[in-house]
Amino acid sequence: MSIRVQLQAFDPGVELNGLHATNLGIGAVVSFVGYVRDFNEGRDVGGMFLEHFPGMTEKALGKIAEEAAQRWPLLGIQIIHRVGHLQPGEPIVFVGVCSAHRQAAFEACDFVMDYLKTRAPFWKKEDTREGPRWVEGRSSDQTAAARWQLT
Amino acid sequence: MIRVQYFARYREALGLDGEQLNAEFASLGQLRQHLLARGGVWDVLAEPNLMCARNQELCSLDEPLTVGDEVAFFPTVTGG
């Protein structure tokens, strides 16, 4: 399990290729990459600043990864999240999940992103022509995360 | 003593990233009521989708507090 919260840019291709090298029992890797868009909710976006809660952020991501590992038979999880200033086109987040077979990896990757979106303390502030603007949470993200609740 | 931190839009609205309170509160909800009673900019903490954490773990406003706790209030998270 690897959790990284960093100011530096990263290369999703390099990260992806590094995942299965550690264990030849890995038969499936599913990854998600989130990018900064140049347009959001009707406004041009020139860049953004990502604020976080140092300390809690790493703990929250670790807890999400641990929960995924308890629910699915995984052989590895990597989460990388940028903070600070980002430009359109740059990757913000990378989630890579390894397992023997694809089903567990697909589901666990989906789960990690849904929980990251609703439980990890990050906040986006976009630079728009009208000035800086805090991005508001979406109810669709809450609905997506609720799918995984154990009854 | 309770340490309180504010993040993102709340931090900006309050002009404050954190403070120490020399008081005791039974719960996070009671602490929030104490802060709301300051009026003015503190109304931002009345938002229904406010999130909070106790000792760096997400929790509800019903969460009990003990002396020495570190709590945080923040708007809905928007990472990813």
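Contact, as the word is used throughout this tour, means heavy atoms within 4.5 Å. The structure is a predicted model, in which local features need pLDDT of at least 70, side-chain atom pairs count only at pLDDT 80 or more, and totals for chains, interfaces and linings use all residues. Residues are numbered from 1 along each chain as its sequence is written, chains are lettered from A and ligands numbered from 1 in the order in which they are written, and side-chain values use heavy atoms, with hydrogens and water left out.

**First stop: chain A**

Four helices and nine strands make up its secondary structure; helices (H or I, at least four residues) and strands (E, at least two) are DSSP runs, numbered from the N terminus. Traced from the N terminus, the order is β-α-β-β-β-α-β-β-β-α-β-β-α. Chain A is as compact as a globular protein of its length, because its radius of gyration of 16 Å is close to the 15 Å that the globule rule gives for 151 residues. That radius is taken over C-alpha atoms, and the rule is 2.2 Å times the number of residues to the power 0.38. Along the principal axes, the C-alpha atoms fill a box of roughly 50 × 40 × 30 Å.

Of the 151 residues in chain A, 49% are buried; buried means under 20% relative accessible area, exposed over 50%, and partly exposed in between (1.4 Å probe, protein chains only). Among contacts with a separation of 6 or more, 77% involve residues 24 or more positions apart.

**Second stop: A:Gly34**

Select A:Gly34, within strand S2 (residues 28-35) of chain A. Is this residue buried or exposed? A:Gly34 counts as buried, because its relative accessibility is 8%. A distance label can then be drawn from A:Gly34 to A:Met113, 79 residues apart along the chain; their C-alpha atoms are separated by 9.7 Å.

Move to A:Glu51, in strand S4 (residues 43-52) of chain A. A:Glu51 also counts as buried, because its relative accessibility is 8%. Which residues does A:Glu51 touch, not counting those up to four places away in sequence? In chain A they are A:Pro121, A:Phe122, A:Trp123 and A:Trp134, and in chain B they are B:Phe7, B:Ala8 and B:Arg11. Show the side chains of A:Glu51 and B:Arg11, which are joined by a polar contact of 2.2 Å. A polar contact is a pair of N or O atoms within 3.5 Å; within protein, one must be able to donate a hydrogen and the other to accept it, and residues adjacent in sequence count only if both atoms are side-chain atoms.

**Last stop: chain B**

The C-alpha trace spans about 30 × 30 × 20 Å along its principal axes. Buried residues account for 49% of the 80 in chain B. Of its contacts with a separation of 6 or more, 51% are between residues 24 or more positions apart.
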